[in-house]
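Biologist: I would like to learn how to read a model like this one. Where do we begin?

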Amino acid sequence: MTLSFDSDYGMTIDGRATLSSESMDVLNPATEACIARVPDASLDQLNEAVDAARRAQTSWASQPHAQRQQALNVMADMLESHTDGFMR
């Protein structure tokens, strides 16, 4: 999966790509310059995401520790492979 940290901003709720009618600025804390615009979830979308996370937690917790650790390591590796994009 290739992401562009210059343009690919969306929301995934309960495994589905979800649109938002609102967006908000992301500011560079050092310069206060706007570096991106991202979706701004509605309260209903927030509640839907929290409900989905609660449902997923039961399945996640039932996985063996080693399997959860491996999944987190894969996510960490993916994040580390994009550090240049995060530091702009």
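Modeller: Begin with a cut-off. A residue counts as exposed when its relative accessible area is over 50%, and as buried when that area is under 20%. Partly exposed lies in between. Note that this is a predicted model.

Biologist: Is E32 buried or exposed?

Modeller: E32 has a relative accessible area of 64%, so E32 is exposed. E32 sits in the loop between strand 3 (23-27) and strand 4 (34-39). Its phi is positive, about 60 degrees, although E32 is not a glycine.

Biologist: Which loop holds D14?

Modeller: The one between strand 1 (11-13) and strand 2 (16-18). D14 is also a residue other than glycine with a positive phi, near 55 degrees. Its relative accessible area is 41%, so D14 is partly exposed.

Biologist: In what order do the elements of the chain run?

Modeller: From the N terminus, the order is β-β-β-β-α-α-α. That makes four strands and three helices.

Biologist: Now the surface. Which residues form a nonpolar patch there?

Modeller: Patch members need over 30% relative accessible area. Here L43, L46 and V50 form the patch, with about 270 Å² of accessible area together. V50 belongs to helix 1 (residues 43-62). At 32% relative accessibility, V50 is partly exposed.

Biologist: And the chain as a whole?

Modeller: The accessible surface is about 7100 Å², and carbon and sulfur atoms account for 55% of it. Of the 88 residues, 9% are buried. Take contacts between residues at least 6 apart in sequence: 36% of these join residues at least 24 apart.

How values were computed
Residues are numbered from 1 along each chain as its sequence is written. This is a predicted model: local features need pLDDT of at least 70, side-chain atom pairs count only at pLDDT 80 or more; totals for chains, interfaces and linings use all residues. Side-chain values use heavy atoms; hydrogens and water are left out. Patches are made of residues with over 30% relative accessible area and no salt bridge: like charges are joined within 9 Å, nonpolar side chains (Val, Leu, Ile, Met, Phe, Trp, Tyr) within 5 Å. Accessible areas come from the Shrake-Rupley method with a 1.4 Å probe; for residues, only the protein chains shown count as cover. A salt bridge is a side-chain nitrogen of Lys or Arg within 4 Å of a carboxyl oxygen of Asp or Glu. Helices (H or I, at least four residues) and strands (E, at least two) are DSSP runs, numbered from the N terminus. Buried means under 20% relative accessible area, exposed over 50%, partly exposed in between (1.4 Å probe, protein chains only). Contact means heavy atoms within 4.5 Å.
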